[in-house]
Every structure is written in structure tokens, then in C-alpha cells.
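Please look through the sequence and the structure shown here, and read the report that follows alongside them.

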Amino acid sequence: MVKSKVTSAVGTLGEYLKEQRISAEMSLRQLADQAGVSNPYLSQIERGLRKPSAEVLQQIAKALRISAEQVYVRAGILSPDSNVGGSVELAVLADPTLTERQKHSLLDVYHSFLALNSRVTDDAPAADEEAPHPEENPDAHPAQD
């Protein structure tokens, strides 16, 4: 059976979190207590059975003393290319007034704008080939009487 992208990302996330927990020499119960989640829920995350919210990931990252941004990348929430929109994505994810659904919707719209802008930039003429602006070309808009 072929895993979906989300399922494989969650599995990778769970493995990553388990590795981080073990390297921090923490038990599953200790991490669950420090992150404020239940022991069974954390176990399901580590086994790739659950996809945690951005808030839960942030709590786990804080308890493990690792970068929340790196955890978001592992979860597939953030793009690994930190030069593209990282601060906007982090701001949306960190906003406690938004629901998870609203956060994902905003990020989807943001990513679609980035993709659109990169296509427009790729298709744009070179600087020396640009058409003059109407203000620069008096023939473009004849004066009205």
C-alpha cells in the first residue's frame, strides 16, 4: 500500500521526535508531561498514527529544547527553504487566536501567492525589454479635450 504524502510526513515526524526524545534522555511519559499532552497521544504521534496541531508541535519542541521551525519542516507545515516566507509562516502558526483550519487555509493561500509570483517572475521580460509605462509614453494616452 502506498502512503500518502501526509502519512509519510507524519511518520517521518514521529521518528524524528522519538530520536530527539531519546537523545534528550527523556521517557515518553516525561516528554508528555512537559509538553502538556497525554502519554498515549504522544505515543501515537511518534508511531505516525496522529498528526498533531502546530500548537502541540510547538509545545513538544519547547519541551525537547529544539527549534519549532525544524519540527514544522519535518511535519510538512513549513518549506525547507527558509529564505522563502519563513517568518510569515511562523507568524501564522504562532498566532493563538487562529484555529488550526484557519492557519492551514492562510498558509495554503500564502503558498499559492508565492507560486504565482515565482511563475510571473519567471515569465517576465528582461529589464531592458520592458514596455514603457504609460506616463513615460505620451502617445499611449492621448490628451482629452
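Leu-31, Gln-34 and Ala-35 of helix H2 meet Gln-59, Ile-60, Ala-63 and Leu-64 of helix H4, where contact means heavy atoms within 4.5 Å and helices are DSSP runs (H or I, at least four residues) numbered from the N terminus. By class, this contact of H2 with H4 has five nonpolar, two polar and no charged residues; Ala, Val, Leu, Ile, Met, Phe, Trp, Tyr, Cys and Pro count as nonpolar, Asp, Glu, Lys and Arg as charged, and the others, Gly among them, as polar. This is a predicted model, in which local features need pLDDT of at least 70 and side-chain atom pairs count only at pLDDT 80 or more, while totals for chains, interfaces and linings use all residues. Residues are numbered from 1 along each chain as its sequence is written, and side-chain values use heavy atoms, with hydrogens and water left out.

Axes are lines fitted to C-alpha atoms, for helices over the stretch in contact, and angles run from 0 to 180 degrees between N-to-C directions. A crossing is right-handed if the near helix is turned clockwise from the far one by less than a right angle, and left-handed if anticlockwise.

| Helix pair | Axes come within | Crossing angle | Handedness |
|---|---|---|---|
| H2 and H4 | 8 Å | roughly 115° | right-handed |
| H4 and H5 | 9 Å | roughly 130° | right-handed |

The axes of H4 (residues 54-64) and H5 (residues 68-75) cross at roughly 130°, which makes H4 oblique to H5; angles under 35 degrees count as roughly parallel, over 145 as roughly antiparallel, 65 to 115 as roughly perpendicular and the rest as oblique. On the H4 side the contact is made by Ala-54, Leu-57, Gln-58 and Ala-61, and on the H5 side by Ala-68, Val-71, Tyr-72 and Ala-75. Sorted by class, these residues are seven nonpolar and one polar, with no charged residues.

The buried residues of H4 are Ala-54, Val-56, Leu-57, Ile-60, Ala-61, Ala-63 and Leu-64, where buried means under 20% relative accessible area, exposed over 50% and partly exposed in between (1.4 Å probe, protein chains only). After H4 comes Arg-65, whose phi is positive, near 60°.

Arg-29 lies in H2, which spans residues 28-35, and is exposed, with a relative accessible area of 54%; its C-alpha atom is separated by 5.6 Å from that of Asn-39, 10 residues apart along the chain.

Leaving aside neighbours within four places in sequence, Arg-21 is in contact with Met-26, Ser-27, Leu-28, Leu-31, Glu-46 and Leu-64.

For the chain as a whole, there are seven helices and zero strands, and buried residues make up 29% of its 145 residues.

Definitions and conventions. Helix = DSSP H or I, 4+ residues; strand = E, 2+ residues; numbered from the N terminus.
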